[in-house]
Amino acid sequence: MAESVTKEQLLEMYRMMCLIRRVEELAAKAYTQRKIIGFCHLYIGMEAVAVGTSSALRPEDVVVAAYREHGQILARGVDPELVFGELFGKRTGTTQGVGGSMHMASREHNFWGGYGIVGGHIPLAAGAAFAAKYKGDDSIALVYFGDGAAQQGVFYEALEMAQLWKLPCIFLCENNFYAMGTSLERQSYLTDMSRRGDGVGMTRWQFEGFDAVEVHNNIAKAAEHCRSGKGPVIVEAVTYRYRGHSMSDPAKYRKDGELEEKKKRDGIDLAIDRLKSEHGVSDAELEAIKADVDVQAQAAYDAALAAPDADPSKLYDFTYATEAQ
Amino acid sequence: MAQLQLREALRRAMQEEMRRDERVFLMGEEVAYYDGAYKVSQGMLAEFGEKRIIDTPIAENGFTGIAIGAAMAGLRPIVEVMTWNFALVAYDQIINSAAKIVQMTAGQYQVPMVIRGANGAAEGLGSQHSQALESIFAHFPGLKVISTATPKDAYGLLKSAIRDPSPVIFMESELAYGTKGEVPDEEYLIPIGKADLKRDGTDVTLVSWNKQVYNCLSAADQLAKEGISAQVLDLRTIRPLDEQALFDCINKTHRMVVVQEGFPFAGVASEVVSRVQEACFDALDAPILRITNRDLNQPYAPELEKMVLPSIDRIVAAAHTVCGR
Ligand SMILES: Cc1ncc(C[n+]2csc(CCOP(=O)(O)OP(=O)(O)O)c2C)c(N)n1
Ligand SMILES: [Mg+2]
C-alpha cells in the first residue's frame with residue numbers, strides 16, 4: 001500500500017511526527033514548571049494517527065477533536081507557536097488564552113476544536129457533514145474520539161442519524177486501550193470499537209494506527225467513501241499513549257512490559273524504517289530533519305513564552321457572537 | 001479529634017455507611033481500581049470488593065439512570081460523577097426521573113440515592129470544566145442539594161444524605177479535597193437543611209457555602225482588622241434552604257453579602273436575597289449584595305480566571321459598601 005504516499009509526503013509525515021513529539025515533550029516540562037496549568041493531555045505515542053489522517057484530508061474538510069488535541073491541531077498545519085501560546089495562556093494562542101490545553105481551535109484550518117466533555121463533540125462533526133451535504137459541497141467531516149467516548153449515548157445517536165441521512169462523516173476512534181485509568185476490556189464488552197457501527201449498518205473497519213502510511217491509506221479510503229456519496233464510515237485506529245491520561249496521572253495501571261512492547265511499533269521509528277528501506281533516505285538526512293524540528297519547536301516555545309498574556313480588555317468579548325459570519 | 005482531609009472525611013462517611021447498610025454501593029468512573037479520580041474512594045475496592053465499588057464506562061446518563069432504577073428497587077446507590085460538569089450528561093435522568101418519581105407514583109416508589117462529585121472551578125480548567133452548578137439542580141422540587149467543602153460538615157452531611165429516602169445532590173470541591181479540618185472521632189450526623197454559623201459577628205453577615213466559605217472567613221479576618229465585625233453563615237444545604245438561619249442573621253446584623261461561585265443569573269444568591277428581603281425588609285439597613293462569578297464562561301488564562309471568580313478583595317469591597325465604610 002506504500003505507493004499511495006510519496007517520498008516527499010513521507011518525509012513530511014516524519015517531520016510532523018517529530019514536531020508533535022517534541023512539542024509535547026516541551027509541554028510536559030513546562031507543565032511541571034507551572035507554565036501550563038489545568039489539565040494537559042499529551043499525544044505522545046499516537047502521532048501517526050493524526051499525521052496520517054491529516055495528510056489524507058483536504059483543507060476544506062472539517063476536523064473535530066476532544067481534549068487530547070495538541071497533536072491533531074499541529075498535524076492540521078497550525079503553527080506550534082500558537083499551540084504553545086494557548087498552553088501558556090497568551091493572547092497569541094490559538095484561542096487567545098481563553099481555551100487552554102483542551103480547547104484549541106483554528107477556523108483557518110477548519111479545525112473546530114478541542115472539547116472537554118467526553119463524547120460531546122461527536123455530533124458536531126455529523127453536523128458539519130450535514131451542512132456539507134446541505135450546501136452540496138465536496139467537503140467531509142472527521143471526528144477523533146477515544147475508546148472511552150464510544151460509550152456515550154450521544155455517540156450512538158450521532159451514528160444513527162449520520163447513517164440514516166448518509167452524511168459524509170468519518171468517525172475515527174483512536175483506541176489507545178485506556179479511558180483514564182480504565183483499560184478497554186473493563187469498560188467495553190466488545191473491544192473492536194469499529195463494531196459500534198454494526199448496530200446502524202455503517203461501513204466500518206479497524207486498522208493499525210502506529211504506521212502513518214497505513215493510517216493515511218485507511219483514511220484516504222474512508223474519505224473516498226464519504227466523498228462519493230456513500231455516507232459515513234466508522235474506523236478504528238489501534239494505537240497507544242505513552243504518557244499518563246493527563247499530566248497528573250502516573251499511569252500505574254499498565255501491565256508490566258506493556259509500554260515497552262508497544263514502543264516496538266513506535267510511529268516515528270516505523271517512518272524511519274520505511275524512509276530508509278523504501279526510499280533510500282540516509283540516517284544523516286533523518287537526523288538533520290529531527291534537529292531542525294527541535295530548533296523549530298524550541299523557537300516556537302520561546303516566542304510563545306515571550307508573548308503578552310491573555311488580554312483582560314477582551315474578557316467580555318466572547319460571550320455572544322456580534323457580527324454574523 | 002482527627003485532622004482529616006475533605007476527601008478522607010467523605011471516604012470515612014461512605015465506608016461507615018457501607019459497613020452499616022448492605023444496600024449501599026458506590027458507582028462511577030474510576031472509583032474502584034483507580035481509587036477515584038480525586039482519590040476520594042481510595043482503598044474502598046479493597047475493603048468492599050467489586051460487587052459494591054463499581055467502575056463504570058463513560059456513560060453518565062446510563063449509569064445514573066441505572067442507579068435510579070436500583071434505588072427504586074430498594075438499593076441505596078452512591079453515584080460519583082467525578083465533576084458536576086459531567087453530570088450534565090445525566091441531567092435528563094436526574095431531573096426527569098430521580099426528581100419526579102415520588103410524585104409521579106404518588107409515593108409508591110422512592111429514589112434513595114446520592115449523586116456526588118466535585119463542583120466549581122479548580123485552576124485553569126476552562127469553560128467546560130469549571131462550573132458551579134448548584135442553582136440548576138436546586139431549581140427542581142424533589143431533589144435535595146448539599147454543597148460543602150469542610151471535612152466536618154462533609155462527613156456528617158454525607159452520612160445523612162446516604163440515609164435520606166430522597167435523591168440528594170452532593171457537591172464537593174476539587175480544590176478543597178486536600179484541605180484538612182477537625183473531624184470528631186465519634187460518629188455523628190448533620191441534619192440536611194441546617195446552616196452553620198462559621199464565625200460570629202455583629203456588623204454584616206457573609207452568606208456562602210462550599211469553598212467560598214474559606215474566602216469569606218479570610219475576608220472576615222481582613223474586615224476585623226479594619227474594625228468591621230463580619231459573621232459568616234455557611235448554608236451547607238442549598239435545598240431545603242435554612243431560611244430561619246438567614247432571617248436570624250439579618251435581624252442581627254442588618255447587612256448581608258451573599259457570596260456564590262457560579263453565574264449570577266438566577267443563581268442561588270438571587271434566591272437567598274429574594275427570600276430575605278421578602279420576609280425581613282424592615283430589618284435591612286442596606287441592599288443585600290451578591291458576589292458571584294462575572295457573567296462569563298470561564299477563560300483558561302490564570303489572570304483572566306481570577307478576574308471572573310469571587311475573590312477575597314471583592315467580598316471585602318462588598319462588605320464596605322453595605323456597611324457604608
Ligand atoms: C462526560 C465526561 N465524563 C467524564 C469525563 C472525565 N474524563 C476525561 S477524559 C476521560 C477518559 C476518556 O477516554 P477516551 O475517550 O478513551 O480518550 P483518551 O483520553 O484515551 O484519548 C474521562 C473519563 C469527561 N471529561 N466528560
Ligand atoms: Mg482512550
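Start at the boundary between the chains: select A:Arg186 and B:Asp55, whose side chains meet in a salt bridge at 2.9 Å, N to O (a side-chain nitrogen of Lys or Arg within 4 Å of a carboxyl oxygen of Asp or Glu). Chain A and chain B have two salt bridges between them. Before going on, some housekeeping: this is a predicted model, with local features needing pLDDT of at least 70 and side-chain atom pairs counting only at pLDDT 80 or more, while totals for chains, interfaces and linings use all residues. Residues are numbered from 1 along each chain as its sequence is written, chains are lettered from A and ligands numbered from 1 in the order in which they are written, and side-chain values use heavy atoms, with hydrogens and water left out.

Now widen the selection to the whole interface. Here 39 residues of chain A are in contact with 32 residues of chain B (heavy atoms within 4.5 Å). About 2900 Å² is buried between chain A and chain B, and carbon and sulfur atoms give 64% of that (buried area is the accessible area, with a 1.4 Å probe, that two parts lose on being put together, summed over both). Highlight A:Ile37, A:Ile117 and A:Leu315: they supply 21% of the area that chain A buries against chain B, more than any other three residues.

Next, jump to the magnesium ion (ligand 2). Its protein donors are A:Asp147 (OD), A:Asn176 (OD1) and A:Tyr178 (O), lying 2.1 Å from it (donors are N, O and S atoms within 2.8 Å of the metal, or 3.2 Å for Na, K and Ca; water is not among the atoms, so sites may look incomplete). Along the chain, these donors follow the spacing D-x28-N-x1-Y. Are A:Asp147 and A:Asn176 buried or exposed? A:Asp147 counts as buried at 1% relative accessibility, and A:Asn176 counts as buried at 5% (buried is under 20% relative accessible area, exposed over 50%, partly exposed in between; 1.4 Å probe, protein chains only).

Staying in chain A, pick A:Asp309 and A:Lys90, a salt bridge at 3.0 Å, N to O. The pair ties together parts that are 219 residues apart in sequence. A:Asp309 is partly exposed at 34%, whereas A:Lys90 is buried at 9%.

Last stop, chain B: select B:Arg12, B:Glu16, B:Glu17, B:Arg20, B:Lys159, B:Arg163 and B:Glu187, which are linked in a network of salt bridges. Zoom in on B:Glu187 and B:Arg163, with their closest N and O atoms 3.1 Å apart.

Methods. Helix = DSSP H or I, 4+ residues; strand = E, 2+ residues; numbered from the N terminus.
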